[in-house]
Amino acid sequence: MPDTGSVRLDRLESWVGQEVRVSAWVYNIRSSGKVVFLQIRDGYGWVQAVAAEKELESVVWQRINELTEESSVMLIGTVSKHPKRSEYELQVRDVTVVHRSEEFPISKKEHGVDFLMDQRHLWLRSKSQWAIQRVRNTIIKGIYDFMEEEGFTKIDSPILTPNACEGTTELFELDYFGDTAYLSQSGQLYIEAAIFSHRKVFDFGPVFRAEKSKTRRHLTEFWMMDAEVAFATHEDNMALQEKLIEYLVKRALVRNAEELACLERDTKPLEKIIAPFVRMTHAQAVKKLRSFGSDIKDGADLGGDDETLLMQQYDKPVIVERYPAAVKAFYMKRDPEDPSLALCDDMLAPEGYGEIIGGSEREDDHGLLLQRIREHNLPVKDFEWYLDLRKYGSVPHSGFGLGLERLVSWICGLKHLRESIPFPRTINRLRP
Ligand code: 4AD
Ligand code: MG
(Lines give C-alpha, C1' and ligand atoms only; values in the text may rest on other atoms or scores of the structure.)
(Ligands and ions follow the chains in the order given, each with its own letter.)
Protein backbone atom coordinates (compact mmCIF):
# COMPACT_ATOMS: atom_id res chain seq x y z
CA MET A 1 0.00 0.00 0.00
CA PRO A 2 1.78 3.18 -1.12
CA ASP A 3 2.15 5.95 1.43
CA THR A 4 2.19 8.71 -1.18
CA GLY A 5 -0.08 11.62 -0.43
CA SER A 6 -0.09 11.11 3.33
CA VAL A 7 -0.05 14.29 5.37
CA ARG A 8 2.25 14.61 8.38
CA LEU A 9 0.48 14.89 11.72
CA ASP A 10 2.65 17.84 12.73
CA ARG A 11 1.50 19.73 9.62
CA LEU A 12 -2.27 19.51 9.94
CA GLU A 13 -2.40 23.27 10.48
CA SER A 14 -2.46 23.97 6.76
CA TRP A 15 -5.22 21.42 6.11
CA VAL A 16 -8.00 22.68 8.41
CA GLY A 17 -11.43 21.99 6.89
CA GLN A 18 -10.00 19.65 4.27
CA GLU A 19 -9.98 15.90 3.95
CA VAL A 20 -6.55 14.28 4.23
CA ARG A 21 -5.01 10.87 4.35
CA VAL A 22 -2.60 9.91 7.13
CA SER A 23 -0.59 6.78 7.84
CA ALA A 24 -0.03 6.17 11.53
CA TRP A 25 -0.13 3.91 14.58
CA VAL A 26 -2.91 3.84 17.13
CA TYR A 27 -1.43 4.32 20.57
CA ASN A 28 -4.58 4.65 22.60
CA ILE A 29 -8.28 3.86 22.11
CA ARG A 30 -11.22 5.16 24.10
CA SER A 31 -14.84 4.55 23.31
CA SER A 32 -18.08 6.08 24.49
CA GLY A 33 -20.14 3.48 22.67
CA LYS A 34 -21.17 5.63 19.74
CA VAL A 35 -17.90 7.53 19.32
CA VAL A 36 -14.39 6.08 19.30
CA PHE A 37 -11.42 8.32 20.13
CA LEU A 38 -8.20 7.06 18.57
CA GLN A 39 -4.93 8.60 19.68
CA ILE A 40 -2.61 8.26 16.74
CA ARG A 41 1.04 9.04 16.03
CA ASP A 42 2.96 9.02 12.76
CA GLY A 43 6.56 9.68 13.88
CA TYR A 44 6.07 13.45 13.67
CA GLY A 45 2.96 14.28 15.61
CA TRP A 46 0.43 12.97 18.12
CA VAL A 47 -3.23 13.73 17.47
CA GLN A 48 -6.73 12.52 18.20
CA ALA A 49 -8.87 10.97 15.49
CA VAL A 50 -12.60 10.87 16.21
CA ALA A 51 -14.80 8.20 14.67
CA ALA A 52 -18.56 8.61 15.13
CA GLU A 53 -20.85 5.69 14.33
CA LYS A 54 -23.53 7.88 12.76
CA GLU A 55 -21.06 9.40 10.27
CA LEU A 56 -19.56 6.11 9.10
CA GLU A 57 -20.36 3.22 6.81
CA SER A 58 -21.05 0.20 8.94
CA VAL A 59 -18.01 -1.75 7.62
CA VAL A 60 -15.74 1.14 8.59
CA TRP A 61 -17.34 1.41 12.02
CA GLN A 62 -16.76 -2.31 12.50
CA ARG A 63 -13.11 -2.06 11.47
CA ILE A 64 -12.58 0.75 13.96
CA ASN A 65 -14.12 -1.27 16.76
CA GLU A 66 -11.79 -4.16 16.01
CA LEU A 67 -8.67 -2.00 16.23
CA THR A 68 -6.10 -2.76 18.90
CA GLU A 69 -3.47 -0.49 20.41
CA GLU A 70 -0.31 -0.22 18.28
CA SER A 71 -2.13 -1.29 15.11
CA SER A 72 -0.87 0.45 11.99
CA VAL A 73 -3.52 2.22 9.92
CA MET A 74 -4.26 4.50 7.01
CA LEU A 75 -6.95 7.00 7.89
CA ILE A 76 -8.98 9.38 5.78
CA GLY A 77 -10.60 12.23 7.63
CA THR A 78 -11.29 15.93 7.85
CA VAL A 79 -8.98 18.19 9.83
CA SER A 80 -10.47 20.44 12.49
CA LYS A 81 -8.84 22.82 14.92
CA HIS A 82 -9.35 22.98 18.67
CA PRO A 83 -11.37 26.17 19.39
CA LYS A 84 -8.70 27.59 21.73
CA ARG A 85 -5.46 25.63 21.60
CA SER A 86 -3.35 25.06 18.48
CA GLU A 87 -4.31 21.39 18.49
CA TYR A 88 -5.79 19.57 15.56
CA GLU A 89 -8.13 16.64 15.23
CA LEU A 90 -9.27 14.29 12.52
CA GLN A 91 -12.94 13.48 11.92
CA VAL A 92 -12.57 10.00 10.48
CA ARG A 93 -14.36 8.90 7.28
CA ASP A 94 -12.44 5.77 6.37
CA VAL A 95 -9.86 3.42 7.88
CA THR A 96 -7.62 0.81 6.35
CA VAL A 97 -5.92 -1.53 8.78
CA VAL A 98 -2.33 -2.15 7.66
CA HIS A 99 -1.59 -4.50 10.54
CA ARG A 100 -3.71 -5.39 13.54
CA SER A 101 -1.35 -5.44 16.51
CA GLU A 102 -1.15 -8.29 18.98
CA GLU A 103 -1.62 -7.30 22.59
CA PHE A 104 1.18 -4.80 23.31
CA PRO A 105 3.37 -5.79 26.29
CA ILE A 106 3.75 -2.22 27.49
CA SER A 107 0.50 -0.96 28.94
CA LYS A 108 -0.36 2.50 30.15
CA LYS A 109 0.20 1.46 33.75
CA GLU A 110 3.53 1.92 35.53
CA HIS A 111 6.26 -0.56 34.67
CA GLY A 112 9.67 -1.04 36.28
CA VAL A 113 12.70 0.25 34.40
CA ASP A 114 14.18 -3.25 34.00
CA PHE A 115 11.02 -4.47 32.31
CA LEU A 116 10.96 -1.41 30.06
CA MET A 117 14.63 -1.84 29.20
CA ASP A 118 13.97 -5.50 28.26
CA GLN A 119 11.25 -4.13 25.98
CA ARG A 120 13.46 -1.33 24.71
CA HIS A 121 12.67 -2.13 21.07
CA LEU A 122 9.00 -1.43 21.84
CA TRP A 123 9.46 1.19 24.56
CA LEU A 124 11.07 3.50 21.98
CA ARG A 125 7.52 4.16 20.71
CA SER A 126 6.35 5.84 23.90
CA LYS A 127 5.96 9.59 23.82
CA SER A 128 8.70 10.34 26.35
CA GLN A 129 11.20 8.11 24.53
CA TRP A 130 10.19 9.68 21.22
CA ALA A 131 10.82 13.12 22.75
CA ILE A 132 14.27 12.14 24.06
CA GLN A 133 15.44 10.85 20.69
CA ARG A 134 14.18 14.01 19.03
CA VAL A 135 16.26 16.11 21.43
CA ARG A 136 19.25 13.84 20.81
CA ASN A 137 18.80 14.36 17.08
CA THR A 138 18.69 18.13 17.57
CA ILE A 139 21.97 18.01 19.51
CA ILE A 140 23.66 15.85 16.87
CA LYS A 141 22.57 18.19 14.08
CA GLY A 142 23.53 21.17 16.25
CA ILE A 143 27.05 19.81 16.69
CA TYR A 144 27.50 19.42 12.94
CA ASP A 145 26.13 22.91 12.28
CA PHE A 146 28.22 24.56 14.99
CA MET A 147 31.41 22.86 13.88
CA GLU A 148 30.82 23.85 10.28
CA GLU A 149 30.15 27.46 11.26
CA GLU A 150 33.41 27.43 13.23
CA GLY A 151 35.42 26.14 10.26
CA PHE A 152 35.87 22.49 11.27
CA THR A 153 36.20 19.50 8.95
CA LYS A 154 34.81 16.17 10.08
CA ILE A 155 37.41 13.44 10.15
CA ASP A 156 36.31 9.89 10.90
CA SER A 157 38.54 8.07 13.35
CA PRO A 158 38.86 4.27 13.46
CA ILE A 159 37.06 2.12 16.00
CA LEU A 160 39.50 -0.79 15.85
CA THR A 161 42.77 0.40 17.33
CA PRO A 162 46.02 -1.21 18.47
CA ASN A 163 46.53 1.14 21.44
CA ALA A 164 44.72 2.82 24.33
CA CYS A 165 43.83 6.50 24.37
CA GLU A 166 42.45 6.96 27.90
CA GLY A 167 44.12 4.50 30.23
CA THR A 168 44.41 0.78 29.87
CA THR A 169 41.99 -0.43 32.54
CA GLU A 170 38.80 0.20 30.58
CA LEU A 171 39.67 -1.38 27.24
CA PHE A 172 37.52 -3.82 25.33
CA GLU A 173 40.00 -6.23 23.85
CA LEU A 174 39.50 -8.51 20.89
CA ASP A 175 41.47 -10.94 18.81
CA TYR A 176 42.45 -9.35 15.53
CA PHE A 177 43.67 -12.20 13.34
CA GLY A 178 46.15 -13.23 16.00
CA ASP A 179 47.01 -9.66 16.96
CA THR A 180 45.30 -7.75 19.81
CA ALA A 181 42.95 -4.92 18.95
CA TYR A 182 40.93 -2.63 21.21
CA LEU A 183 37.67 -0.83 20.64
CA SER A 184 38.36 2.91 20.55
CA GLN A 185 37.89 4.90 23.77
CA SER A 186 38.16 8.22 21.90
CA GLY A 187 39.25 9.20 18.41
CA GLN A 188 41.42 12.01 19.74
CA LEU A 189 44.85 10.67 18.85
CA TYR A 190 43.78 10.04 15.26
CA ILE A 191 42.16 13.40 14.69
CA GLU A 192 45.30 15.04 16.07
CA ALA A 193 46.99 13.75 12.90
CA ALA A 194 44.34 15.49 10.80
CA ILE A 195 44.87 19.00 12.22
CA PHE A 196 48.10 19.15 10.19
CA SER A 197 45.99 18.74 7.10
CA HIS A 198 42.75 20.57 8.02
CA ARG A 199 43.66 22.75 11.00
CA LYS A 200 40.32 22.40 12.83
CA VAL A 201 38.78 18.95 12.90
CA PHE A 202 36.24 16.86 14.76
CA ASP A 203 35.00 13.32 14.84
CA PHE A 204 31.72 12.01 16.16
CA GLY A 205 30.98 8.38 16.77
CA PRO A 206 30.59 5.51 19.18
CA VAL A 207 33.36 4.85 21.69
CA PHE A 208 33.74 2.01 24.14
CA ARG A 209 34.80 1.69 27.75
CA ALA A 210 34.75 -1.48 29.77
CA GLU A 211 33.39 0.50 32.72
CA LYS A 212 32.82 -1.76 35.68
CA SER A 213 30.91 1.07 37.37
CA LYS A 214 27.15 0.78 37.70
CA THR A 215 26.49 4.50 38.06
CA ARG A 216 23.73 6.37 36.29
CA ARG A 217 26.41 8.30 34.37
CA HIS A 218 28.28 5.41 32.75
CA LEU A 219 27.63 3.44 29.62
CA THR A 220 30.03 0.95 28.04
CA GLU A 221 29.19 2.22 24.55
CA PHE A 222 28.49 5.91 24.12
CA TRP A 223 28.88 8.64 21.53
CA MET A 224 31.65 11.16 21.69
CA MET A 225 32.45 14.23 19.68
CA ASP A 226 36.19 14.91 19.74
CA ALA A 227 37.39 18.32 18.55
CA GLU A 228 41.02 19.25 17.85
CA VAL A 229 42.47 22.61 16.81
CA ALA A 230 45.95 23.53 15.58
CA PHE A 231 47.57 26.64 17.06
CA ALA A 232 44.99 26.64 19.88
CA THR A 233 45.91 27.09 23.53
CA HIS A 234 44.25 25.77 26.67
CA GLU A 235 42.43 29.14 26.96
CA ASP A 236 41.15 28.96 23.37
CA ASN A 237 40.02 25.42 24.06
CA MET A 238 37.90 26.37 27.07
CA ALA A 239 36.33 29.31 25.22
CA LEU A 240 35.32 27.02 22.35
CA GLN A 241 33.76 24.50 24.75
CA GLU A 242 31.66 27.23 26.37
CA LYS A 243 30.49 28.54 23.04
CA LEU A 244 29.51 25.05 21.88
CA ILE A 245 27.50 24.20 24.99
CA GLU A 246 25.71 27.54 25.01
CA TYR A 247 24.83 27.00 21.33
CA LEU A 248 23.56 23.45 21.82
CA VAL A 249 21.41 24.23 24.85
CA LYS A 250 19.88 27.20 23.07
CA ARG A 251 19.25 25.09 19.97
CA ALA A 252 17.37 22.47 22.00
CA LEU A 253 15.29 25.14 23.76
CA VAL A 254 14.28 26.66 20.43
CA ARG A 255 13.70 23.47 18.45
CA ASN A 256 12.40 21.11 21.12
CA ALA A 257 10.02 23.15 23.25
CA GLU A 258 7.28 20.56 22.69
CA GLU A 259 9.56 17.62 23.48
CA LEU A 260 10.93 19.22 26.66
CA ALA A 261 7.38 20.01 27.77
CA CYS A 262 6.40 16.39 27.15
CA LEU A 263 9.33 15.33 29.37
CA GLU A 264 8.14 17.84 31.99
CA ARG A 265 11.59 19.38 31.88
CA ASP A 266 11.72 22.70 33.74
CA THR A 267 13.49 24.81 31.11
CA LYS A 268 14.30 27.76 33.37
CA PRO A 269 17.68 26.34 34.45
CA LEU A 270 18.55 25.78 30.79
CA GLU A 271 17.71 29.36 29.87
CA LYS A 272 20.52 30.47 32.22
CA ILE A 273 23.18 28.60 30.26
CA ILE A 274 24.97 31.58 28.80
CA ALA A 275 28.76 31.91 28.47
CA PRO A 276 31.03 32.71 30.23
CA PHE A 277 30.62 29.79 32.62
CA VAL A 278 32.22 29.51 36.06
CA ARG A 279 35.93 28.65 36.06
CA MET A 280 38.14 27.41 38.86
CA THR A 281 41.35 25.45 39.20
CA HIS A 282 41.40 21.92 40.54
CA ALA A 283 43.09 23.24 43.70
CA GLN A 284 40.27 25.74 44.21
CA ALA A 285 37.68 23.04 43.61
CA VAL A 286 39.31 20.80 46.23
CA LYS A 287 39.29 23.66 48.72
CA LYS A 288 35.61 24.32 48.07
CA LEU A 289 34.76 20.65 48.38
CA ARG A 290 36.47 20.45 51.76
CA SER A 291 34.50 23.47 52.92
CA PHE A 292 31.37 21.49 51.99
CA GLY A 293 32.54 18.64 54.20
CA SER A 294 34.30 16.41 51.64
CA ASP A 295 37.48 14.59 52.68
CA ILE A 296 39.03 14.80 49.19
CA LYS A 297 42.85 14.74 49.15
CA ASP A 298 44.92 17.46 47.47
CA GLY A 299 46.14 15.52 44.45
CA ALA A 300 42.99 13.46 43.90
CA ASP A 301 40.79 13.40 40.82
CA LEU A 302 37.18 14.45 41.36
CA GLY A 303 34.83 11.51 41.66
CA GLY A 304 31.18 11.59 40.60
CA ASP A 305 30.04 12.43 44.13
CA ASP A 306 32.55 15.30 44.38
CA GLU A 307 31.23 16.69 41.10
CA THR A 308 27.66 16.54 42.35
CA LEU A 309 28.59 18.17 45.66
CA LEU A 310 30.57 20.95 44.00
CA MET A 311 27.80 21.73 41.53
CA GLN A 312 25.13 22.23 44.20
CA GLN A 313 26.27 25.84 44.39
CA TYR A 314 26.11 26.66 40.70
CA ASP A 315 23.39 27.06 38.14
CA LYS A 316 25.82 27.35 35.22
CA PRO A 317 28.38 24.79 34.07
CA VAL A 318 31.69 24.91 35.94
CA ILE A 319 35.01 24.43 34.18
CA VAL A 320 37.54 22.86 36.52
CA GLU A 321 41.03 23.29 35.07
CA ARG A 322 44.64 22.39 35.78
CA TYR A 323 44.27 19.01 37.43
CA PRO A 324 47.31 17.26 38.88
CA ALA A 325 49.02 15.71 35.86
CA ALA A 326 49.36 12.44 37.77
CA VAL A 327 45.62 11.74 37.58
CA LYS A 328 45.26 12.67 33.92
CA ALA A 329 46.15 11.21 30.52
CA PHE A 330 49.70 10.95 29.14
CA TYR A 331 49.16 13.31 26.21
CA MET A 332 48.30 16.42 28.23
CA LYS A 333 50.68 19.35 28.17
CA ARG A 334 52.03 20.47 31.52
CA ASP A 335 51.37 23.90 32.98
CA PRO A 336 54.61 25.89 32.43
CA GLU A 337 53.99 27.70 35.75
CA ASP A 338 53.67 24.44 37.69
CA PRO A 339 54.70 21.31 35.80
CA SER A 340 52.94 19.07 38.31
CA LEU A 341 49.68 20.30 36.77
CA ALA A 342 48.17 19.54 33.36
CA LEU A 343 46.78 22.22 31.06
CA CYS A 344 43.44 20.46 31.03
CA ASP A 345 39.81 21.05 31.93
CA ASP A 346 36.63 19.17 32.73
CA MET A 347 33.31 20.89 32.20
CA LEU A 348 30.74 19.93 34.82
CA ALA A 349 27.04 20.38 34.11
CA PRO A 350 24.68 21.78 36.73
CA GLU A 351 21.74 19.90 38.26
CA GLY A 352 23.85 16.89 39.16
CA TYR A 353 24.85 15.71 35.68
CA GLY A 354 28.61 15.71 36.24
CA GLU A 355 31.34 15.89 33.63
CA ILE A 356 30.12 16.50 30.11
CA ILE A 357 33.44 17.51 28.51
CA GLY A 358 37.07 16.59 29.10
CA GLY A 359 39.84 18.41 27.23
CA SER A 360 43.38 19.70 27.26
CA GLU A 361 46.25 21.29 25.43
CA ARG A 362 48.41 18.47 24.05
CA GLU A 363 52.09 17.84 24.62
CA ASP A 364 53.62 18.99 21.34
CA ASP A 365 57.29 18.33 22.12
CA HIS A 366 58.60 15.01 20.83
CA GLY A 367 61.03 14.36 23.69
CA LEU A 368 58.55 15.17 26.46
CA LEU A 369 55.79 13.13 24.87
CA LEU A 370 58.08 10.12 24.53
CA GLN A 371 58.99 10.48 28.20
CA ARG A 372 55.28 10.52 29.20
CA ILE A 373 54.50 7.46 27.11
CA ARG A 374 57.31 5.63 28.89
CA GLU A 375 56.20 6.89 32.33
CA HIS A 376 52.72 5.53 31.63
CA ASN A 377 54.18 2.16 30.61
CA LEU A 378 52.57 2.41 27.19
CA PRO A 379 54.11 0.47 24.28
CA VAL A 380 56.26 3.06 22.47
CA LYS A 381 56.13 1.04 19.25
CA ASP A 382 52.35 1.53 18.93
CA PHE A 383 52.71 5.27 19.48
CA GLU A 384 55.48 5.83 16.88
CA TRP A 385 52.99 7.32 14.45
CA TYR A 386 51.59 9.62 17.15
CA LEU A 387 55.11 10.73 18.09
CA ASP A 388 55.80 11.42 14.40
CA LEU A 389 53.24 14.25 14.57
CA ARG A 390 55.73 16.06 16.84
CA LYS A 391 58.50 15.75 14.25
CA TYR A 392 57.02 17.46 11.22
CA GLY A 393 55.74 20.98 11.83
CA SER A 394 54.59 20.39 15.39
CA VAL A 395 52.28 23.11 16.74
CA PRO A 396 50.64 23.96 20.03
CA HIS A 397 47.23 22.35 19.80
CA SER A 398 44.27 21.61 21.99
CA GLY A 399 41.06 19.66 21.90
CA PHE A 400 38.28 18.10 23.89
CA GLY A 401 35.71 15.33 23.94
CA LEU A 402 32.01 15.86 24.56
CA GLY A 403 29.93 12.95 25.83
CA LEU A 404 26.66 13.05 23.87
CA GLU A 405 24.57 11.02 26.34
CA ARG A 406 25.64 13.14 29.30
CA LEU A 407 24.58 16.28 27.45
CA VAL A 408 21.28 14.81 26.23
CA SER A 409 20.48 13.51 29.74
CA TRP A 410 21.11 16.90 31.26
CA ILE A 411 19.06 18.79 28.67
CA CYS A 412 16.19 16.31 28.94
CA GLY A 413 16.47 16.11 32.74
CA LEU A 414 16.83 12.30 32.76
CA LYS A 415 17.71 10.42 35.91
CA HIS A 416 19.92 7.89 34.14
CA LEU A 417 21.99 7.95 30.94
CA ARG A 418 20.40 4.73 29.69
CA GLU A 419 17.32 6.50 28.30
CA SER A 420 19.38 8.97 26.27
CA ILE A 421 20.62 6.36 23.76
CA PRO A 422 18.33 4.09 21.71
CA PHE A 423 19.91 0.79 22.80
CA PRO A 424 22.01 1.31 25.93
CA ARG A 425 24.98 -0.88 26.78
CA THR A 426 26.02 -1.11 30.42
CA ILE A 427 27.92 -3.60 32.54
CA ASN A 428 24.73 -5.63 32.96
CA ARG A 429 22.90 -4.93 29.73
CA LEU A 430 23.72 -6.10 26.21
CA ARG A 431 20.16 -6.88 25.11
CA PRO A 432 18.05 -6.11 23.15
O1 4AD B 1 37.04 12.80 29.63
P2 4AD B 1 37.16 11.74 28.58
O3 4AD B 1 37.63 10.41 29.01
O4 4AD B 1 38.10 12.36 27.48
C5 4AD B 1 38.64 11.73 26.39
O6 4AD B 1 38.36 10.61 26.02
C7 4AD B 1 39.51 12.60 25.55
N8 4AD B 1 40.34 11.76 24.71
C9 4AD B 1 38.62 13.51 24.74
C10 4AD B 1 39.43 14.50 23.93
O11 4AD B 1 40.15 15.28 24.48
N12 4AD B 1 39.25 14.46 22.63
O13 4AD B 1 35.77 11.56 27.86
C14 4AD B 1 35.10 12.66 27.28
C15 4AD B 1 33.65 12.71 27.71
C16 4AD B 1 33.46 12.89 29.21
O17 4AD B 1 33.59 14.23 29.58
C18 4AD B 1 32.04 12.37 29.38
O19 4AD B 1 31.11 13.37 29.00
C20 4AD B 1 31.97 11.25 28.37
O21 4AD B 1 32.99 11.48 27.42
N22 4AD B 1 32.15 9.94 28.98
C23 4AD B 1 31.18 9.03 29.14
N24 4AD B 1 29.88 9.06 28.83
C25 4AD B 1 29.14 7.95 29.10
N26 4AD B 1 29.65 6.83 29.66
C27 4AD B 1 30.95 6.76 29.98
N28 4AD B 1 31.45 5.64 30.49
C29 4AD B 1 31.78 7.90 29.72
N30 4AD B 1 33.10 8.16 29.90
C31 4AD B 1 33.31 9.41 29.44
MG1 MG C 1 37.25 12.92 31.68
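Mentor: Let's start at Phe 177, in the loop between strand S8 (173–176) and strand S9 (179–183). In this predicted model, Phe 177 has a phi near 50 degrees, which is a positive value in a residue that is not glycine.

The peptide bond from Ala 275 to Pro 276 is cis, with omega near 0 degrees. Pro 276 belongs to the loop between helix H8 (268–271) and strand S12 (278–281). A cis bond also links Arg 431 to Pro 432, here with omega near -5 degrees. You will find Pro 432 in the segment after helix H13 (404–412).

That brings us to the helices. Two packed helices are described by the angle between their axes and the distance between the axes. On the H4 side, the contact includes Thr 138, Ile 139, Lys 141 and Gly 142, together with Ile 143, Asp 145, Phe 146 and Glu 149. H6 answers with Leu 240, Lys 243, Leu 244, Tyr 247, Leu 248, Arg 251, Ala 252 and Arg 255. Sorted by class, the contact of H4 with H6 has eight nonpolar, two polar and six charged residues.

Now follow H6 to its contact with H13. The axes of H6 and H13 come within 11 Å and cross at roughly 45 degrees, which makes H6 oblique to H13. This crossing, too, is right-handed. From H6 come Ile 245, Leu 248, Val 249 and Ala 252, and they meet Leu 407, Trp 410 and Ile 411 of H13. By class, seven residues in the contact of H6 with H13 are nonpolar, with no polar and no charged ones. Notice that Leu 248 and Ala 252 of H6 take part in the contact with H4 and also in the contact with H13.

One further pair is helix H9 (residues 282–291) and helix H10 (residues 304–311), whose axes come within 10 Å and cross at roughly 80 degrees. H9 is therefore roughly perpendicular to H10. Ala 285, Lys 288 and Leu 289 of H9 make the contact with Asp 306, Leu 309 and Leu 310 of H10. The class count for H9 with H10 is four nonpolar, no polar and two charged residues.

Finally, have a look around ligand 1. Of the 23 residues around ligand 1, those that come nearest are Glu 166, Gln 188, Arg 209, Asp 226 and Glu 355. Glu 355 places a polar side-chain atom 2.6 Å from an oxygen atom of the ligand. For Ile 356, a polar backbone atom is 2.9 Å from an oxygen atom of ligand 1. Arg 362 has a polar side-chain atom 2.9 Å from an oxygen atom of ligand 1.

How values were computed
Residues are numbered from 1 along each chain as its sequence is written. Chains are lettered from A and ligands numbered from 1 in the order in which they are written. This is a predicted model: local features need pLDDT of at least 70, side-chain atom pairs count only at pLDDT 80 or more; totals for chains, interfaces and linings use all residues. Side-chain values use heavy atoms; hydrogens and water are left out. Contact means heavy atoms within 4.5 Å. Helices (H or I, at least four residues) and strands (E, at least two) are DSSP runs, numbered from the N terminus. Ala, Val, Leu, Ile, Met, Phe, Trp, Tyr, Cys and Pro count as nonpolar, Asp, Glu, Lys and Arg as charged, and the others, Gly among them, as polar. A residue is near a molecule or strand if one of its heavy atoms lies within 4 Å of it. A polar contact is a pair of N or O atoms within 3.5 Å; within protein, one must be able to donate a hydrogen and the other to accept it, and residues adjacent in sequence count only if both atoms are side-chain atoms. Axes are lines fitted to C-alpha atoms, for helices over the stretch in contact, and angles run from 0 to 180 degrees between N-to-C directions. Angles under 35 degrees count as roughly parallel, over 145 as roughly antiparallel, 65 to 115 as roughly perpendicular and the rest as oblique. A crossing is left-handed if the near helix is turned anticlockwise from the far one by less than a right angle, and right-handed if clockwise.
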